[in-house]
Amino acid sequence: MIRKHLTAAGAVAAGLALALFPAIASGAPVGPDDRGAAPANRSTAAADGLLHAWTDPYGGGTPCFWGGNADTWGPCRNKASDIWNNGYATTLDAVDLYYGLKATGAHACISRGDSWNNLPSGKWRFTYGAGQGGFGQSVNDNISSHRWVDYCSQG
């Protein structure tokens, strides 16, 4: 009888864990982000290990976030106008943002702590991967996937 209760309790605990933390480890989009708008001062916010995106500049619109690599950006795919890398200061703390699905095409790289909060300005472009799809295009409304990397470099 005790064994049945322990097994049931374990199953309930596992189910709650999956419900509360649906896909952070897998890199699937965890969102829309129900935490709302971006912090007022991103430069002083504590790292949460996530890449954040919003569909409108300055933390507006639909928010999404990821804790791992993503082959597609789901509800934020080709809609992001604000990006914030709030990763931890460890290895794999920069993020390559790709023009295509499954980390294909040209890419841009955002370092840990960086915030590109007004992508429609045209300041940020896919500058890595000459000759690949999307090279030279604006990052605004053009990100389809991403990979966490050790550092930003040509490649």
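Q: Does Cys-64 count as buried or exposed?
A: This is a predicted model, in which local features need pLDDT of at least 70, side-chain atom pairs count only at pLDDT 80 or more, and totals for chains, interfaces and linings use all residues. Residues are numbered from 1 along each chain as its sequence is written, and side-chain values use heavy atoms, with hydrogens and water left out. A residue is buried under 20% relative accessible area, exposed over 50% and partly exposed in between (1.4 Å probe, protein chains only). The relative accessibility of Cys-64 is 1%, so Cys-64 counts as buried.

Q: Which cysteine forms a disulfide with Cys-64?
A: A disulfide is a covalent bond between the sulfur atoms of two cysteines; here the rule is a pair of cysteine sulfur atoms within 2.5 Å. The sulfur atom of Cys-64 has its disulfide partner 2.3 Å away. The link is right-handed, with 90° about the S-S bond. The partner is Cys-76.

Q: How many residues apart in sequence are the parts that Cys-64 and Cys-76 tie together?
A: Helices (H or I, at least four residues) and strands (E, at least two) are DSSP runs, numbered from the N terminus. Cys-76 is buried, with a relative accessible area of 0%. Cys-64 belongs to strand β2, while Cys-76 lies in the loop between β2 and β3 (82-86), so the parts tied together are separated in sequence by twelve residues.

Q: Where in the chain is Cys-152 found?
A: Cys-152 forms a disulfide with Cys-109, their sulfur atoms 2.0 Å apart. This link is left-handed, with -75° about the S-S bond. It joins distant parts of the chain, 43 residues apart, and Cys-109 stands in strand β5. Cys-152 itself is in the segment after β7.

Q: What distance separates the C-alpha atoms of Cys-152 and Cys-109?
A: Cys-109 is buried at 11% relative accessible area, whereas Cys-152 is partly exposed at 26%. A contact means heavy atoms within 4.5 Å; leaving aside residues up to four places away in sequence, Cys-152 touches Ala-94, Cys-109, Ile-110, Ser-111 and Tyr-128. The C-alpha separation of Cys-152 and Cys-109 is 5.6 Å.

Q: What pattern do the disulfides of the protein chain follow?
A: The count by the rule above is two disulfides. With bonded cysteines counted along the chain, the pattern is 1-2, 3-4.

Q: What is the order of the strands in the open sheet?
A: The protein chain has one helix and seven strands, which follow each other as α-β-β-β-β-β-β-β along the sequence. Two strands pair if DSSP finds at least two bridges between them. Three strands make up the open sheet with antiparallel pairing, in the order β5-β4-β7.

Q: Why is one side of β5 and of β7 left without a neighbour in the sheet?
A: The sheet is open, with the order β5-β4-β7. Strands β5 (104-110) and β7 (145-149) each have a single partner strand, so the reason is that both stand at the edges.

Q: Which residue of β7 stands opposite Asp-96?
A: Strand β4 (residues 94-100) runs antiparallel to β7 and is joined to it by five bridges. Four of the five residues of β7 are buried. Ala-94 stands opposite Val-149 in β7. Opposite Asp-96 is Arg-147.
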